[in-house]
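Let's take a look at some rings and some sulfur atoms in a protein. Have the sequence and the 3D view open as you read.

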Amino acid sequence: MQTPTLKSLLTQDPGLPKPYPTSSYWQTPPHPLSNTQSASLPLKTDVAIIGSGITGLSVLLTLLDEHPDLTITVLEARALCSGATGRNGGQLAANAGEEYLHLVEEFGREGAGEIVRFTFENLRRMRELVRRFAVEESEVQDVVKARAFLEESGFERFKRSVEALEGDLPDFKGVYTVLDREVLKREYHLDGAGGALLPAGTIWPYRLVTKIFACLLERYGHRLNIETQTPVTSIASDATNSSHPYILHTPRGSLRATQVAHCTNGHAGHLLPGLRGPIYPFKGTMTVQDAGSIMPNRGEDLSWGFHYPVIYDKQSSRYAAGLYYLMQNTKTGYFFFGGEDTQIDHCLSADDSEVEEGSIKHLQEKLPHFLGYDGPEQWRLASGWSGIMGFSADGLPVVGRAKSSMAGRHGEGEYVAAAFNGYGMANCLLAGEALAKIMMGKDVSTWLPKAYGIHETRLKEPLTVGHAIKSFELDP
C-alpha cells in the first residue's frame, strides 16, 4: 500500500539550494574564488553548466580539454562548490562488495560487472586528477577501509556477494579481505558479526575542486565564465533561435545557451520536474569530532564503515540508513563521521540550512561506542553540518540527454548527470566526463554502464516514483 506522506516527500520540488546553508568544515577557509562572478552576466554561451561540484567540474574539464572553441559558463546558486561535494564524507571508496548480489539481481551479471569496473576506474581517475593538478591541499591518502557488519545477516550476505563478485570477475579476486568476528576485534578493535578490508582513500574534496576551477579559469578565462551566487530560477526554450535556443533566467539577468548540463544532483528535479520522484533529495549529517589524546591517529592507513540493516518504520516514521562512515584527518587527528538515524521527513529534504540537533547528538554518541569507548564526554564536537545528496529510484546514477518529458519543454540540448546515491566520489568524475562526451556526440557505450543511461526501459521501470516507494518499504 502506498504511503501518501512518503510519496509526497519523494516527489516534492527540491527547489533551489538554500541561500544560507549550514557551515561545512570542509569549506573553511573559503577559496578566493568562492563568490567569483563576472561584472555582468554574459548574454550568451555555447554551454551552460549548472552546478559547481565534482560533476560540473568534470563536464567543464572534459569540454575544455577536447573542444578548443566552446564558450562555457558555470552557474552556481551559492558559493563555489558549496553543495554535496563540499559537504560530504571525504571517502574514496566503492560499494561493489556489499552491493554486487543486488546489482546482479537487478541488472544481470554483465550490468553488474560494468558498474563495478566503472566505480573502481573512477576512483583510480580521481587519484590521476590529483596528480595532474598537483593538489597538495586535497590531502589525498591511500588507506585500507575496514568495514564492520554489525549484524550476522548482513555479514553473511556480504560474504556471498564477494564470493559471487570474485567468481564473475576473477581480476577482482583478493580486492576484499573478509574478516571473522575474532580477527575484526583483535586486529581492528571493532565489534561486529564480521568485517572486511578493501583498498580505499580519503580526500578533502572542496580543496581539490576549487583549486582545479582556479587553474581552469586562469588558463581558459577567455572562454570560461564562473558565475557564483547566480541561481538558475527557470529555463525556457525558444525554437526560433537555432543557435542558442535555451534561455536561463537568473536574478542577475538572462543567459542564452546552445546546450545545458544539469549537474545539480539532489536539486535536479527543480529545473527538470519530470525527475521529481525518480530522483529525490536526501539530507545527510556530518560531524567533525576531536577525541584529543585518547585515540591514536590512524588517518594515514585506515578508514571505517559500519553496516547494519536499513530501518524504515512507517508507524513512527523512523528511518535509519544502514551505514555510518568514518575517516580521520592525518594532520589534526579529527574524526569525520556521518550517518542517519532520524525521522524520514528529516532525511527526504533538500534543506541544508538546518541540521537536526538530534542527528548531531546521535553521531556524538555512536562514534565513541564504535571505537570502544563508553560515552562522548571526552570527545569535543568541532563541527556539524548537513548536505543534500541525490538518490534515484533504482539506486544508480542518471547520466545522459534529458528527455523533453523530464524538462517539460521542447529541445534536444539538455543533459543531466545526477543521483549518485551517496557514492559521488566513486561515480561523479567519470559520469561528468561521459556526459560531456555525449554532449559532443561521442560514443561512451563501451565504458559508461548501460544501467546509468536514460532509456525507455529504465524510465518505465525501475526509474519511477512507484519503485522509489517500494525500495523504502521493502528495505527492512
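Predicted model: local features only at pLDDT ≥ 70, side-chain atom pairs only at ≥ 80, totals over all residues.

Residues are numbered from 1 along each chain as its sequence is written, and side-chain values use heavy atoms, leaving out hydrogens and water.

Searching the whole structure turns up 27 aromatic pairs. To count, rings of Phe, Tyr and Trp (its six-membered ring) need centres within 6.5 Å; planes under 30 degrees apart are stacked, over 60 edge-to-face, and the rest tilted. Here are two of the pairs:

| Pair | Centre distance | Plane angle | Type |
|---|---|---|---|
| F149 and F155 | 6.1 Å | 35° | tilted |
| Y373 and W379 | 6.1 Å | 70° | edge-to-face |

How much of these residues can be reached? F149 is buried at 5% relative accessible area, and F155 is buried at 4% (buried is under 20%, exposed over 50%, partly exposed in between, with a 1.4 Å probe and protein chains only). Y373 is partly exposed at 27%, while W379 is buried at 5%.

Ring pairs also join Y280, F282, Y312, Y319, F391 and F472 into a cluster.

Now for the cysteines: the structure has zero disulfides (a disulfide being two cysteine sulfur atoms within 2.5 Å). For C347, the nearest cysteine sulfur belongs to C428, 20 Å away; C347 is buried, at 0%. For C428, the nearest is that of C263, 9.1 Å away, and C428 is buried at 6%.

Finally, the charged end of R207 sits over the W204 ring, 3.7 Å from its centre (the rule: NZ of Lys or CZ of Arg within 6 Å of the ring centre and within 35 degrees of the ring normal).
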